[in-house]
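Welcome! Take a moment to look over the sequence and the 3D picture, and then we will walk through them together.

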Amino acid sequence: MLGNPERPIGGLAVRTPPGVELVPLGRDDFETAVRLARRARQVPALDDPAPLRDRWEALVNSADTVVFAALAGADPVGMAIMQLRRRLNYATFEGWISDLALPDGDGGGEIGAALV
């Protein structure tokens, strides 16, 4: 029988933590993405992140990339970058998380699990 499974499986089984919403990031979210990535790596903030804008534009303009943020209320608290590519031998796609920026003390990995 085809259709939806009777029980949650895979990514459907992971619920976002209470008060957290997952949203895609776009061109206008450049500063947010830089801030999340630098905070996750414990690197000081940049005075001028403009030199990184070309990289961000290439990332969000790619048809093979999706960037998601986890929002706690209106505050961005985590980010995941997913890369996709067509499989060589099959008419399907494969994907992987190429970057994951999570807050310190992620509460048992709940935000990270929801992003993945």
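Two strands are said to pair if DSSP finds at least two bridges between them. Strands (E, at least two residues) and helices (H or I, at least four) are DSSP runs, numbered from the N terminus. With that in hand, you can find T65 standing opposite Q83 in β3.

A word on the model: it is predicted, so local features need pLDDT of at least 70 and side-chain atom pairs count only at pLDDT 80 or more, while totals for chains, interfaces and linings use all residues. Residues are numbered from 1 along each chain as its sequence is written, and side-chain values use heavy atoms, leaving out hydrogens and water.

**The whole chain**
- The protein chain has 3 helices and 4 strands, and along the sequence they follow the pattern β-α-α-β-β-β-α.
- Of its 116 residues, 28% are buried, where buried means under 20% relative accessible area, exposed means over 50%, and partly exposed lies in between (1.4 Å probe, protein chains only).

- The 4 strands form an open, antiparallel sheet in the order β1-β2-β3-β4.
- β1 (20–24) and β4 (93–101) each have a single partner strand, so one side of each is left without a neighbour in the sheet.
- From one strand to the next, the twist averages 25 degrees (axes are lines fitted to C-alpha atoms, for helices over the stretch in contact, and angles run from 0 to 180 degrees between N-to-C directions).
- Helix α1 (residues 30–40) packs on the sheet and touches β3 and β4, its direction making about 100 degrees with that of β3.
- Strands β2 and β3 (residues 75–86) run antiparallel and are joined by 8 bridges.

**A closer look at A70**
- A70 sits in strand β2 (residues 65–72).
- Is A70 buried or exposed? A70 counts as buried because its relative accessibility is 0%.
- Beyond its neighbours within four places in sequence, A70 is in contact with several residues, including V20, L22, V77 and I111 (contact means heavy atoms within 4.5 Å).
- The C-alpha atoms of A70 and G19 are separated by 10.0 Å, with the two residues 51 apart along the chain.

**M82**
- M82 is found in strand β3.
- With a relative accessible area of 31%, M82 is partly exposed.
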